[in-house]
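Subject: Structure for you to look at

Hello,

Here is the structure I said I would pass on. Please open it and keep it beside this message while you read.

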Amino acid sequence: MAQTIPNRISSVDAYRGFVMFLMMAEVLEFGHISKALPESSFWAFLAFNQDHVEWVGCSLHDLIQPSFSFLVGVALPYSVASRVAKGQVFRDMFGHTLQRSLILIFLGVFLRSMHREQTNFTFEDTLSQIGMGYPFLFWFGFKSVRTQLTALATILVGYWLFFVLYPLPDANFDYAAVGVTPDWEHHLKGLAAHWNKNTNAAWAFDQWFMNLFPREKPFIRNGGGYSTLSFIPTLGTMTLGLLAGQWLKDETSPKEKALKFVAMGVSLLVIALTLNWLGICPNVKRIWTPTWVLFSGGWCFILLAAFFWLVDIQGYRKAFFWLIVIGMNSIAAYVISHTIVEFIHHSIQIHISKTYDQAFGTTYESLVRGGLILFVEWSILYWMYKNRIFVRI
C-alpha cells in the first residue's frame with residue numbers, strides 16, 4: 001500500500017471529479033422517473049438527492065457547490081508553492097488572481113445568459129461566487145493559521161449579525177411579490193425568521209444591487225432565494241478548504257491527516273446541527289448561512305478524508321481514474337455540461353433515431369438519454385486528458 005503522497009494529490013482530483021460528475025449527471029433526470037413510478041422509494045430517494053432542498057436541510061446535490069468551493073481552497077497552497085518555485089513574486093501572483101477572478105465572474109454571467117435576449121447579470125452561480133471571493137482567499141493564503149481562523153470567525157459572526165439586525169417584514173408585507181406566501185411551510189419562526197426566503201438582508205441588498213445593471217425587467221426577487229452576497233460565506237467555505245490544503249501539504253503522516261480531516265468534519269457537523277436545532281442560525285444552503293458553512297464544510301472534510309484514504313493511502317487510483325479524468329479538467333467539464341447537452345442529444349437523434357431514448361419505454365427515457373450524453377461528455381474529457389489538454393484560468 002502507498003504511504004507517501006504523490007506530487008499531485010490524486011484524491012483531490014478524484015473528489016473534484018466526483019463533484020463535477022454529480023453536476024453533469026443532472027441529465028439523468030431521476031425526478032422524471034420518480035414521477036412515472038410514484039410508488040418507488042428507490043427512485044424517490046435518487047430524485048431527492050439530485051435536487052436542492054426547498055430551504056432548511058441538505059441533499060447530496062446541495063453538497064456540489066460547497067465541495068467545489070472547498071476544493072478551490074484545498075488547491076491554493078499547492079498553486080502558490082508552484083508559482084513561488086518558478087520565481088514569481090506576490091504582486092505578479094495577485095495580478096493573476098484578479099484576472100482569474102474576473103474571468104470566473106464573467107464566465108458565470110455568460111453561461112447564465114445563454115438563450116436569453118440580453119446579458120443576464122446574475123452573480124449567485126458557483127463560478128461567480130468563487131470569483132468574487134478568490135482574491136480574499138489568495139490573500140489569506142499568505143497569512144498565519146491564526147489570521148485565517150480569525151478571518152473565518154469574522155466572516156461567520158459578521159454575516160450572522162448582518163441578517164439578525166435586518167428587520168423582519170411587518171404585517172403589510174407583500175409576500176406574493178417576492179414569490180412566497182405568508183403561510184409557506186418552510187417559513188421559520190423566532191430568531192431563525194431572519195433567514196426566511198426573500199425577506200432577508202441579502203435579498204434586500206440584491207433589490208438595490210441587481211437593478212444597477214441593465215435588465216429586461218426590474219429585479220424583485222430570485223426565484224430560488226439565492227443571493228449575490230452569498231459569496232461572503234462561500235469565502236468561509238473556501239477558507240476551510242485552505243486549512244485542509246495546508247494540512248494536506250504538511251509533513252505529518254497520511255493516516256494522521258486522514259484522521260484529522262474526519263475529526264474536523266465531525267466537529268463541524270456537531271456544531272452546525274446544534275446551531276440549527278437551537279434556532280440560533282438555520283442550515284440553509286440557498287442563502288449560505290453561517291451554519292451551512294460549518295455543516296457543508298464538515299461533509300467536505302469527511303469526503304476529502306474518504307477519497308484521500310482510498311486513492312492516496314490505499315492506492316486505488318485505477319478504480320477512481322474515470323473521476324480523475326473529470327477532476328483534472330473541471331472547468332472544461334463545467335462548461336461542457338452547461339453548453340452542449342442539447343447538441344449531443346439532437347446529434348444522437350439525427351444519426352441514430354429520434355426515439356432512441358425510448359428503447360426501454362417512456363418511463364426510462366431520461367436515463368437512456370442522460371446516460372448517452374454523459375458518455376459523450378466523458379469521452380470528450382478523456383480525449384482532452386490523453387492529449388494533455390487542460391483548461392486553466
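Below are notes on the aromatic residues and on one surface patch.

The model is predicted.

Aromatic pairs

A search of the whole structure finds 37 aromatic pairs. One of them is formed by Phe163 and Trp195, which are stacked, with 5.9 Å from centre to centre and 10° between the planes. This pair links distant parts of the chain: Phe163 belongs to helix α7 (residues 145-164), while Trp195 lies in the loop between α7 and α8 (201-209), 32 residues apart. Both Phe163 and Trp195 are buried.

Trp378 and Tyr382 also form a stacked pair, at 5.2 Å centre to centre and 10° between the planes. Because they are four residues apart in helix α15 (residues 365-386), about one helical turn separates them. Trp378 is partly exposed, with a relative accessible area of 23%, and Tyr382 is partly exposed as well, at 30%.

There is also a cluster, in which ring pairs link Phe121, Phe123, Phe205, Trp208, Phe209 and Phe213.

Charges over rings

Arg100 has its charged end over the ring of Tyr134, 4.9 Å from the ring centre. The charged end of Arg388 sits over the ring of Tyr385, 5.9 Å from its centre.

Surface patch

Leu191, Trp277, Leu278 and Ile280 make a nonpolar surface patch of about 430 Å². Of these, Trp277 is placed in helix α10 (residues 254-278). Is Trp277 buried or exposed? Trp277 counts as exposed because its relative accessibility is 71%, and the cut-off for exposed is over 50%.

Regards

Conventions: Residues are numbered from 1 along each chain as its sequence is written. This is a predicted model: local features need pLDDT of at least 70, side-chain atom pairs count only at pLDDT 80 or more; totals for chains, interfaces and linings use all residues. Side-chain values use heavy atoms; hydrogens and water are left out. Patches are made of residues with over 30% relative accessible area and no salt bridge: like charges are joined within 9 Å, nonpolar side chains (Val, Leu, Ile, Met, Phe, Trp, Tyr) within 5 Å. Accessible areas come from the Shrake-Rupley method with a 1.4 Å probe; for residues, only the protein chains shown count as cover. A salt bridge is a side-chain nitrogen of Lys or Arg within 4 Å of a carboxyl oxygen of Asp or Glu. Helices (H or I, at least four residues) and strands (E, at least two) are DSSP runs, numbered from the N terminus. Buried means under 20% relative accessible area, exposed over 50%, partly exposed in between (1.4 Å probe, protein chains only). Rings of Phe, Tyr and Trp (its six-membered ring) pair if their centres lie within 6.5 Å; planes under 30 degrees apart count as stacked, over 60 as edge-to-face and the rest as tilted. A charge sits over a ring if NZ of Lys or CZ of Arg is within 6 Å of the ring centre and within 35 degrees of the ring normal.
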